[in-house]
Amino acid sequence: MSRTATLLDGKAVAAKVRGEVKTRAAAFTTKHGRAPGLAVVQVGSDPASSVYVRNKRKACDETGIRSFAHDLPSTVGRAELLGLVAKLNADDAVDGILMQLPLPAGLDANEIMDAIDPRKDVDGFHPHNTGLLAQKRPRLRPCTPYGVIRLAAEYGMKLRGLRATVVGASNIVGRPMALELLLAGCTVTVCHTGTRDLAAEVERAELVVAAVGRPGMVRGEWIRPGAAVFDVGINRSDSGKLVGDVDFEAALPRAGAITPVPGGIGPMTIAMLLSNTLDAAEARA
Ligand code: NDP
């Protein structure tokens, strides 16, 4: 079979979104006499989290967003971390608060995340923002699902009416992804470990989002010819390569469009975080 799928270039679209953010950040700075601000909190030194945090801070620098670094030891107590969140909530120079997950065992991530002012919740994880998305009036939207929607829009995809299957139902990706697709007018199926026949659910989908965290979990032969495939998964293969959740090589000749890993949803996620920070800053101002 020949290669037919359009490669959805998340890196290029993310660069475009970042360009928009840079323009908005410059205008905000001129108008308000200060740059939009993002506080990035990391607790402990998980190596993967450190890479993500570094990339987010660098992205802020490049787009004219001021980043405030808060690196805390993994031994930090609940009261101290809640105290920092309260301080950032009250700080006028801070428009967005990003709490890098996972938090060390012993800290209740839900309690900490719930303490963030929903107007500064640029990750879109606060129940208030999830609730608004569920009620068809999104405000700050979870970055990864929002990135999928923006990428599809940039390629002119018409989502309304499509049969969509989301593989994965986590609070940060799968569930809000289903809400975004519903908002866009898709007929949505969400799969998880209780799903009886995953292959059948994927086979009928005209749009597939894979967010499981298992390399090759979504098999190429399951992809309906012409389907749009968004691979959110980021996994390290045995040989150390970054791979997604979709068997990319096998899916490529069947899909109509597909995101690569890396260079697909990963860069879009960071771009939407920056965009959310500007949305938050403008709404607060
Ligand atoms: P979680 O581990 O929180 O959730 C995984 C989901 O997959 C769960 O809903 C789980 O079901 C489901 N699942 C697990 N095994 C199966 C199976 N055999 N069949 C069907 N469903 C299954 O992961 P995340 O949502 O946090 O992340 C998913 C992936 O996305 C990871 O690779 C992560 O690194 C990546 N990621 C990428 C981002 C990006 O920027 N590109 C951002 C965030 C995450 P159940 O609910 O029943 O347990």
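Which residue has a backbone N or O atom that lies 3.3 Å from a nitrogen atom of the ligand? That residue is V232, and the points below place this contact within the rest of the structure.

1. Basis of the note. The model is predicted: local features need pLDDT of at least 70, side-chain atom pairs count only at pLDDT 80 or more, and totals for chains, interfaces and linings use all residues. Residues are numbered from 1 along each chain as its sequence is written, and side-chain values use heavy atoms, with hydrogens and water left out.

2. Ligand surroundings. The ligand is surrounded by 20 residues, the closest being A169, S170, T193, I234 and T269; a residue is counted if one of its heavy atoms lies within 4 Å of the molecule. An N or O atom in the side chain of T193 is 2.5 Å from an oxygen atom of the ligand.

3. An open sheet is formed by 6 strands in the order β1-β11-β8-β7-β5-β6, with parallel pairing. Its edge strands, β1 (6-7) and β6 (187-191), each pair on one side only. Strands here are DSSP E runs of at least two residues, helices are H or I runs of at least four, and both are numbered from the N terminus; two strands pair if DSSP finds at least two bridges between them. Strands of a sheet pair through backbone hydrogen bonds, either parallel or antiparallel.

4. Strand β8 and its neighbours. β8 (residues 228-231) pairs in the parallel sense with β11 (residues 257-258) over 2 bridges, and with β7 over 4 bridges, again parallel. A228 stands opposite A257 in β11, and L207 stands opposite A228. V229 has I258 of β11 as a bridge partner. In a regular strand the side chains alternate between the two faces of the sheet. In β8, A228 and F230 point one way while V229 and D231 point the other, and all are buried, that is, under 20% relative accessible area, with exposed meaning over 50% and partly exposed in between (1.4 Å probe, protein chains only).

5. Helix α7. Which buried residues does α7 contain? They are G174, P176, M177, A178, E180 and L181. Their cover includes α5 (127-134), α6 (143-154), β5, β6 and β7, where contact means heavy atoms within 4.5 Å. After α7 comes G185, with a positive phi near 95°.

6. Salt bridges. The count comes to 16 salt bridges, each defined as a side-chain nitrogen of Lys or Arg within 4 Å of a carboxyl oxygen of Asp or Glu. R18 pairs with E62, their closest N and O atoms being 2.8 Å apart. This pair links helix α1 (residues 10-32), which holds R18, to helix α2 (residues 47-63), which holds E62, across 44 residues. R18 counts as partly exposed because its relative accessibility is 23%, and E62 does so at 37%. Elsewhere, K16, E20, R150 and E154 are linked in a network of salt bridges.

7. R78 and E111 meet in a salt bridge at 2.7 Å, N to O. R78 lies in helix α3 (residues 78-90) and E111 in helix α4 (residues 109-114), 33 residues apart. The side chains of D92 and R284 meet at 3.1 Å, N to O, in another salt bridge. D92 lies in the loop between α3 and β4 (96-99) and R284 in helix α10 (residues 265-284), so this pair ties together parts that are 192 residues apart in sequence. D92 counts as exposed at 57% relative accessibility, whereas R284 is partly exposed at 26%.

8. R57. A polar atom of its side chain lies 3.1 Å from the backbone oxygen of V40. Not counting residues up to four places away in sequence, R57 touches V40, S67, A69, H70 and D71.

Note on methods:
Polar contact = N/O pair within 3.5 Å; in protein donor to acceptor, adjacent residues only side chain to side chain.
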